[in-house]
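Here are a few friendly notes to read alongside the model.

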Amino acid sequence: MRRTHADYTGGVYGSMLAASVIVGAGTLGDFPRIELMLLLLLTGGVFWIAHVHAHLFGARLAQRPPDRAVVLRVCREEWTIVKAALPPATAVGVSPVLGLGVQGGQWFALAVAVAGQVGWSVAAARQAGATRRLLVLSALVNLVLGLVILLSKLWLKH
């Protein structure tokens, strides 16, 4: 079945969430890679479930109980939250191959999460039919938000 509409805003949110998880884990010291990868994936999964629940049982439940088709559609629409956690988790996993230590792996994963956040925002804006100017503005806003997260990692370490 081909989807006629894709909502990438969950990817923006999921990338920002992943970046925040990396910063939070990094402030606790050297987090083992496997634990950080699992933390990223599990956090993305939990937030995905929370978003699905909010969509299904927020306004919809007051109107009528959702049927199976609605549940599956909402699950698919919100899946980008989980998808956004995969590149940073993969970055953590491949960081030893690149010769990066634990801290280097965290920085690499954080950079990947911020890049994903910018990419998802451009995809969301493009999907919405935004002009080139709005595409650039969306990318810049998300880059600034990502840099705030990066700066918080530096600030929290000192």
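1. Let us begin with a charged pair. E77 and R73 sit about one helical turn apart, because they are 4 residues apart in helix 4 (residues 68–78). Helices here are DSSP runs of H or I with at least four residues, numbered from the N terminus. The two side chains form a salt bridge, with 2.8 Å between the closest N and O atoms; the term asks for a side-chain nitrogen of Lys or Arg within 4 Å of a carboxyl oxygen of Asp or Glu. The structure holds 1 salt bridge.

2. How exposed are the two partners? E77 is partly exposed at 23% relative accessibility, and R73 is partly exposed as well, at 30%. Buried is under 20% relative accessible area, exposed is over 50%, and partly exposed lies in between (1.4 Å probe, protein chains only).

3. A word on the basis of these notes. This is a predicted model, in which local features need pLDDT of at least 70 and side-chain atom pairs count only at pLDDT 80 or more, while totals for chains, interfaces and linings use all residues. Residues are numbered from 1 along each chain as its sequence is written, and side-chain values use heavy atoms, leaving out hydrogens and water.

4. The largest cavity has a volume of about 40 Å³, taken as the space filled by probe spheres set on the points, which are joined across faces, edges and corners.

5. Which residues line the largest cavity? They are G14, L17, A18, V21, L40, T43, G44, I81 and A85. Helix 1 (9–27), helix 2 (33–57) and helix 5 (80–94) each give two or more residues to this lining, and helix 1 has the largest share, with 4 residues. By class the lining has 6 nonpolar, 3 polar and no charged residues.

6. L40 deserves a look of its own. This residue lies in helix 2 and is buried, with a relative accessible area of 2%. L40 and V92 are 52 residues apart in sequence, yet their C-alpha atoms are 9.8 Å apart in space.

7. Finally, V141 belongs to helix 7 (residues 132–157) and is partly exposed, with a relative accessible area of 42%.

Definitions and conventions. 1 Å grid on protein atoms, 1.4 Å probe; cavity = no way out; pocket = protein on both sides within 12 Å on 5 of 7 lines; lining within 4 Å. Nonpolar A, V, L, I, M, F, W, Y, C, P; charged D, E, K, R; others polar.
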